[in-house]
Amino acid sequence: MEVLAALNLGELAQIFSKLGMFPVFDLAYYIVSILYLKYEPGSVEVSRRSPVASWLCAMLYCFGSYILADIMLGSSPIDYFQHNSHILLASCVWYLIFYCPLNLFYKCVAFLPVKLVLVALKEVVRTRKIAAGVHHAHHAYHHGFFIMVIVGYVKGSGVALMSNFEQLLRGVWRPDTNEILNMSFPTKASLYGAILFTLQEAHWLPVAKSTLILVFTLFMATSKVVMTARHSHGSPFALIESWVCHLLFGSPLSGSEEDHHHAPAPAVPSSPLKTKEELSEGARKRKAKKAE
């Protein structure tokens with residue numbers, strides 16, 4: 001108890017909730033976001049072939065959540081682009097990651113110890129965005145609790161919900177990667193976080209907002225750092241979600257899904273498919289026979 005009193009969690013949470021995000025935390029957010037963009041197949045080729053398309057994709061990765069939330073709340077989708085310092089900072093990060101000589105900047109930020117620090121700082125921004133989205137929706141729709149959850153969810157999910165549109169800018173169409181169908185851990189966590197902040201905003205959760213911000217940030221940062229260090233794409237919610245979905249919706253448990261995935265594959269025909277050269281050779285022979 002003396003340790004907890006010395007820490008003074010409430011005061012620490014107040015100080016943490018008042019920290020400014022620009023430029024340090026926002027810089028980390030932009031670096032990690034555009035780093036993930038460079039991991040996407042074909043993104044480097046697009047940056048060489050069409051720098052404008054690559055820049056637009058990078059801006060979506062950095063500011064997609066603001067664009068989508070503004071559309072939902074009836075504001076201009078380009079409203080956030082009035083913040084020149086943010087746009088310039090994100091643009092500098094984009095240029096350095098894609099065009100820095102010898103890929104020096106990319107190699108530095110992709111170095112695992114550095115990347116872990118940046119990932120943790122990014123989750124600080126994500127939590128603030130969720131809390132700000134819920135608070136903004138609360139002012140616009142005082143009793144619209146579902147709207148608060150949706151706006152907070154959109155603010156935290158970032159470009160994930162606009163991934164198909166972003167892919168179109170790169171000349172890719174992959175509807176199977178829809179984030180609603182295959183929700184990643186950050187998207188799920190943003191949804192659960194939006195629910196918690198909505199409950200707090202409605203005074204149904206007896207916790208101070210600053211304390212909730214601190215606790216949720218610690219959870220998100222710890223989870224993402226561990227997952228990044230282990231190169232894992234799993235979710236800490238997987239076991240609970242599996243049982244809840246099984247009880248409420250009759251979904252198969254994760255164990256049965258794994259058994260299904262590990263089922264023996266059907267036998268592959270022993271005769272290999274013909275190559276293009278073989279097909280063209282056969283066509284030439286048929287033409288020769290007709291000529292005879």
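Which residues line the largest cavity? They are Asp26, Tyr29, Tyr30, Cys62, Phe63, Tyr66, Tyr80, Val125 and Lys129. Helices H3, H5 (51-72) and H8 each give two or more residues to that lining. By class, the lining of the largest cavity splits into seven nonpolar residues, two charged ones and no polar ones. Its volume is about 40 Å³, and the structure holds one cavity of 30 Å³ or more. Keep in mind as you look around that this is a predicted model.

**The overall fold**

The protein has 15 helices and zero strands. Of its 292 residues, 39% count as buried. Among contacts between residues at least 6 apart in sequence, 71% join residues at least 24 apart.

**The largest pocket**

Now for the open space. The largest pocket holds about 1200 Å³. Its lining has 37 residues, and those closest to the pocket centre are Tyr36, Glu40, Ser184, Pro186 and His233. Six helices each supply at least two residues of this lining: H3 (24-39), H8 (112-140), H9 (145-157), H10 (163-169), H11 (185-201) and H12 (209-229). Here the residues divide into 16 polar, eleven charged and ten nonpolar.

**Backbone details to look for**

Most residues other than glycine have a negative phi, and most peptide bonds are trans. With that in mind, here are some spots in the backbone to visit.

| Site | Backbone feature | Value |
|---|---|---|
| Phe22-Pro23 | cis peptide bond | omega about 5 degrees |
| Leu102 | positive phi | near 60 degrees |
| His231 | positive phi | about 55 degrees |
| Gly250 | positive phi | about 75 degrees |

Where do these sites sit? Proline 23 belongs to the loop between helix H2 (9-17) and H3. Leucine 102 is found in the loop between helix H6 (84-99) and helix H7 (104-110).

Is leucine 102 buried or exposed? Its relative accessibility is 69%, so leucine 102 counts as exposed, the cut-off being over 50%. Histidine 231 has a relative accessible area of 63% and is therefore exposed by that cut-off too.

Helix H13 itself covers residues 238-249, twelve in number. From its first C-alpha to its last, H13 reaches 15 Å, close to the 16 Å expected at 1.5 Å a residue.

The mean pLDDT of the protein is 86, and 84% of the residues reach 70 or more. Confidence is highest in H6, at 98, and lowest in helix H14 (residues 254-261), at a mean of 44. Over residues 256-281 the pLDDT stays under 50, and the model has three contacts beyond four places in sequence for that stretch. Residues 287-292 also have a pLDDT below 50, with zero contacts in the model beyond near neighbours in sequence. Where pLDDT is low, the predicted coordinates should not be read in detail.

Definitions and conventions: Residues numbered from 1 in each chain as written. Predicted model: local features only at pLDDT ≥ 70, side-chain atom pairs only at ≥ 80, totals over all residues. Heavy atoms only, no water. 1 Å grid on protein atoms, 1.4 Å probe; cavity = no way out; pocket = protein on both sides within 12 Å on 5 of 7 lines; lining within 4 Å. Points joined across faces, edges and corners; volume = space filled by probe spheres on them. Helix = DSSP H or I, 4+ residues; strand = E, 2+ residues; numbered from the N terminus. Nonpolar A, V, L, I, M, F, W, Y, C, P; charged D, E, K, R; others polar. Expected span 1.5 Å × (residues − 1). Buried < 20%, exposed > 50% of the residue type's maximum accessible area, 1.4 Å probe, protein only. pLDDT = per-residue confidence, 0-100. Contact = heavy atoms within 4.5 Å.
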